Amino acid sequence: MKEDFNIYIYPSDSDVPAPQRVVLCADDYTQGLYHGRPWRVARSPRGKPYFPDVPQVHFSISHSGAYWLCAFGAQPVGIDLQIHQVGRLAQIARRFFNEEEDRYLAKGDYRDFFAVWTAKESYVKFTGKGIGDGFGDFRVADAAGLKTQLDDACLCRLPFLRDYSLCLCAAQVGVVRMVYQE
């Protein structure tokens, strides 16, 4: 069954501190169902944040450039946002990606580098493995192009602003709502 997700987007320089943003977003996502209960955040051994008191609500956080965002859903989720920056993309790809991904990127002069990066990072956030645990052991691109499915997960690349890449990863993805905050 496809699941719906809300992505809450704040400017990075918002006056609302990040921990309070998570609480406000959780209250909005659950439509106040758990209002008054503490939205205590814990971390798995590999650093994935979760709500131990409300385990049926899942979330993932990312920030890059001028934006901070948090995805909420009723199933595990991973999200990543990256601003496009000039740099040594080929060297980074050879270090962190597998050979097939690097070959795919090299053919396009690394134009899709950030689409690959956000897909990989959203997947490790979804699984809870983290970036340091086999980031090159799975492929989100090959000679055929960018993948939209990876074993147990859907990679949903979402439109955002020019010069940004955004990817949400979950077992099944239905409607994705973008909720802009001040």
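Is the crossing of α2 and α4 left-handed or right-handed? This is a predicted model, where local features need pLDDT of at least 70, side-chain atom pairs count only at pLDDT 80 or more, and totals for chains, interfaces and linings use all residues. Residues are numbered from 1 along each chain as its sequence is written, and side-chain values use heavy atoms, leaving out hydrogens and water.

**View 1. Helices α2 and α4 cross left-handed.** That means the near helix is turned anticlockwise from the far one by less than a right angle (clockwise would be right-handed). Helices here are DSSP runs of H or I with at least four residues, numbered from the N terminus. The axes of α2 (residues 89–96) and α4 (residues 113–127) come within 11 Å and cross at roughly 30°; axes are lines fitted to C-alpha atoms over the stretch in contact, with angles from 0 to 180 degrees between N-to-C directions. Look for L89, I92, A93 and F96 on α2, and F113, F114, W117 and K120 on α4, which make the contact (heavy atoms within 4.5 Å).

**View 2. C154 and C156 are in no disulfide.** A disulfide here is a pair of cysteine sulfur atoms within 2.5 Å, and the sulfur of C156 is 5.6 Å from that of C154. The count comes to 0 disulfides.

**View 3. D27 sits in helix α1 (residues 18–29).** D27 counts as buried, at 17% relative accessibility. Leaving aside neighbours within four places in sequence, D27 touches G32, H35 and W39.

Definitions and conventions
Helix = DSSP H or I, 4+ residues; strand = E, 2+ residues; numbered from the N terminus. Buried < 20%, exposed > 50% of the residue type's maximum accessible area, 1.4 Å probe, protein only.
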